[in-house]
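Here are my notes on this model, point by point. Have it open beside you as you read.

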Amino acid sequence: YLKAITNECIGSAIGSLYITAYDLMEYIKAGFGKDFGADDRILQVANFKVLCIDELTQVRWTEYVAEAMQTILDRRYQMRVTKGTVLAMDENPADTLHPRLVSRLKSGTVINITESDLRPAMKTLF
């Protein structure tokens, strides 16, 4: 679903990014000690018009991960008039995510998709 949202946005010339939570954290960590550092990367990701972060519950929630995600979501929350954020996870956010993030998500809409994982079915198509 998130990749389809991202592709539709790109096709409509809306700057968007699809990334898994793990890849996002790796991208940010790769900025340590670089000219385009971790903070720059956080702000870069936060400034996409549409940001789709997948597999949010598949990353280990250290204090740094919680802080980085909160910074991204805070920046987007402050600019909510022009930004769209889509987060996907396999579990209830309140049961899984850091409490600081859950408080930011309460202002959004939660859509519970009860269908099973579509990846196995897609493998038979290709």
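1. Let's start at Ser-16, which lies in strand 1 (residues 16–20). Helices (H or I, at least four residues) and strands (E, at least two) are DSSP runs numbered from the N terminus. A word on ground rules: this is a predicted model, where local features need pLDDT of at least 70 and side-chain atom pairs count only at pLDDT 80 or more, while totals for chains, interfaces and linings use all residues. Residues are numbered from 1 along each chain as its sequence is written, and side-chain values use heavy atoms, with hydrogens and water left out.

2. Is Ser-16 buried or exposed? Ser-16 is buried, because its relative accessible area is 10% (buried is under 20%, exposed over 50%, partly exposed in between, with a 1.4 Å probe and protein chains only). Leaving aside residues up to four places away in sequence, Ser-16 touches Thr-6, Cys-9, Ile-10, Phe-48 and Val-50; contact here means heavy atoms within 4.5 Å. With Thr-6, a polar atom of the Ser-16 side chain sits 3.2 Å from the backbone oxygen.

3. Strand 1 and strand 2 share 5 bridges in the parallel sense, and Ile-19 has Ile-53 in strand 2 as its bridge partner.

4. Which residues touch the most other members of the largest nonpolar core? Of its 22 residues, they are Leu-24, Met-25, Ile-28, Ile-53, Met-69 and Ile-72. A nonpolar core is a set of buried Ala, Val, Leu, Ile, Met, Phe, Trp, Tyr and Cys residues joined through side-chain atoms within 4.5 Å. Helix 4 (63–78) is among the elements supplying at least two residues, and gives the most, with 5 residues. Leu-24 touches Ile-19, Val-45, Ile-53, Met-69 and Ile-72, not counting residues up to four places away in sequence. A second, separate core has 5 residues, including Leu-2, Val-50, Cys-52 and Ala-88.

5. Last, confidence. The chain averages a pLDDT of 82, and 82% of the residues score at least 70 (pLDDT is the predictor's confidence in each residue, from 0 to 100).

Technical notes
A polar contact is a pair of N or O atoms within 3.5 Å; within protein, one must be able to donate a hydrogen and the other to accept it, and residues adjacent in sequence count only if both atoms are side-chain atoms. Two strands pair if DSSP finds at least two bridges between them.
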